[in-house]
Each structure stands twice: as structure tokens, then as C-alpha cells.
Amino acid sequence: MFWMFLIGTAGSGKSLLTSSLEKWLDSSELSVTVVNLDPGVDDPPYTSDVDIREHVNYGEVMSRFGLGPNGALVASLDIAVSHVDEMREEVLETERDYVIVDCPGQMELFAYRNSGPLIVSSLRGQDTALSLYLLDSNIAKTPAGFLSSMLLGLSINIRFDLPQIHVLSKPDILLDDEVEKIVSWTEDIYKLEEELDSSSIGLVREYSTAILRMLENLGGTTDVIPVSAKNMTGIETLYGELQRVFSGGDNIYGEL
Ligand SMILES: Nc1nc2c(ncn2[C@@H]2O[C@H](COP(=O)(O)OP(=O)(O)OP(=O)(O)O)[C@@H](O)[C@H]2O)c(=O)[nH]1
Ligand SMILES: [Mg+2]
């Protein structure tokens, strides 16, 4: 089984991409299991085969412990840790080729507490896995937004220690040449540097230059694949990249 964990900032398009990817794989006669890991979601745009909500009741956690939405998510994920083995069994019973895991929206709560990475590593066990990190076009369209999204991606890579593919989500909200420009920043880090130099001053510029040098030392910025979950464009390219990483176990940050 090949596992894909969809991770990205709140509202970056994880759930819709889960749905579109499932449809695409299904229409290509590849078998796929969908896992919802978001205890707080009401109505995801897909039918999940395995669902964290079968094991943890977010609303009840919130009222029983008198918690707000974030506290309840943290507590729900902590509770879910003791149900991961059952969830993994449920996934294995489906006996499908691919597993898509839609991760919770509040990425900082999922990624930066212990329960999130623990759930991910226990769910996948020894199976081949990667993360699909979504960079939201709304944020990545500016050089500074793009750079901070890449930095966040690096941080996610450290937290989950999985090979990582970068997806530019919602490219359909941008003009074609804006998408091309973002892609060019990943192909040539100096293009991004030029734009950052002309669009930032002071401390932001100083930080940006230092971050770029760090990314350069790590082998440059990682390619991003524009994928519109709304229009179903770019999924074929994404699938090619999935195949490449799954077959080679490639880690985008190489030596890290
Ligand atoms: N135009 C466009 N909108 C999209 C695309 N993907 C998602 N959206 C919209 O973006 C919003 C958020 O999408 P979701 O799929 O719920 O995002 P998410 O990352 O799962 O959100 P949380 O789980 O709440 O963090 C919805 O209104 C989607 O319809 C896309 O490819 N293009
Ligand atoms: Mg979602």
C-alpha cells in the first residue's frame, strides 16, 4: 500500500484534492482508500472508507472538557492516538493500492504537537508513504508568500520525516503567466531572489536573502506541481511524480 498524507495550511484545498485525486485514481482503475483524519470536519467532499470521527467525537470532547475548537482538536487527536492501530487495521482490510489521508485543517496543531506525527507514523507502519504539501495559490502568488510557504514546507518535512511533494493548490484562481512565474521560482532560485529584492526592504529582505541561501545549500527550492482540484488539471503530472517518489523513495531535501 502506498500512503499519501495531504498536509497544508487551513483552507489550502486538502479535502477537495483528496476527493479529486480519489476520482482520478478510480477512473484510472487504480484502487484507493480514503481516510479522514480531521475530527472536526462536518461534511467532507468525499465518502471516507476510514474515518477518525468513528473513533473520536469532537463535539462531545469540546462540551465534556469545556474546550474551544483548537483545544478540542488537540484533545481529539490525543485520544485518537490510542485508536490508530484499529484505524490501520481498517485500512489494511480494504486491500487497495493507494491510501489518501486527508489531514486536519489546523496544521500547526496537527504538525507541531506530538500526536500528529505519531498518528502518521503509526498509521503507515512500515509501508511506503509520502506527504503532499499544499501551497495555497492565494499565499504563494507573492515572492514573500511563496518563500514563507516553502519554509513552512521544510518545517513540515522535518516534523513528519516523509518524502514530500509540493503541490500548488488552486492555480485556477491565477492567470496562466502568474502560475508560470511561480513554477519558474522553483526552477531558478535567482529569479525568486530578483523578485524578492525588488519587492521587499529592510528586515524582510535580509531574512529572505538568508532563507534563500539556506534553501540553495539544501539544493534549491523544490519543484511545485500546479494542481486544480476544482478543474481536475495537473493530476496526471502529480501522479507521475507520485510514481517517481514511490518507486525511488526520493526525499526532496536529500541529505536532511
Ligand atoms: N478555485 C479553487 N478552489 C478550491 C480548490 N481546491 C479547494 N478550493 C476551495 O477552497 C476552499 C477550501 O477547500 P478545502 O478542500 O475544504 O480545504 P482544506 O485544506 O481541506 O480546508 P481545512 O480542512 O478546513 O483546512 C473551498 O471553498 C474549496 O472549494 C481549487 O483547486 N480551486
Ligand atoms: Mg479539510
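Two strands count as paired if DSSP finds at least two bridges between them. Helices (H or I, at least four residues) and strands (E, at least two) are DSSP runs, numbered from the N terminus. This is a predicted model: local features need pLDDT of at least 70, side-chain atom pairs count only at pLDDT 80 or more, and totals for chains, interfaces and linings use all residues. Residues are numbered from 1 along each chain as its sequence is written, while chains are lettered from A and ligands numbered from 1 in the order in which they are written.

Start with the sheet. Four bridges join β7 to β6 (residues 164-169) in the parallel sense. In this part of the sheet, serine 169 stands opposite valine 227 of β7. Axes here are lines fitted to C-alpha atoms, for helices over the stretch in contact, and angles run from 0 to 180 degrees between N-to-C directions.

Next come the helix pairs around α6. Helix α4 (residues 84-94) packs with α6 (residues 115-124) at about 40°, their axes 9 Å apart. That angle makes α4 oblique to α6, a class for what is left after under 35 degrees (roughly parallel), over 145 (roughly antiparallel) and 65 to 115 (roughly perpendicular). Val84, Met87 and Arg88 of α4 make the contact with Ile119, Ser122 and Leu123 of α6.

Helix α3 (residues 69-81) also packs with α6, at about 35° and with axes 9 Å apart. This crossing is left-handed. Here Leu77, Asp78, Ala80 and Val81 of α3 meet Ser115, Gly116, Leu118 and Ile119 of α6.

Last, the ligand. Which residues come nearest to ligand 1? Of the 17 around it, they are Gly13, Ser15, Leu16, Gly105 and Lys230. A residue is near if its C-beta atom, placed from the backbone, lies within 6 Å. Helix α1 (residues 14-27) gives the most to this shell, with three residues.

Technical notes
Two residues are in contact if their C-beta atoms, placed from the backbone, lie within 7 Å. A crossing is left-handed if the near helix is turned anticlockwise from the far one by less than a right angle, and right-handed if clockwise.
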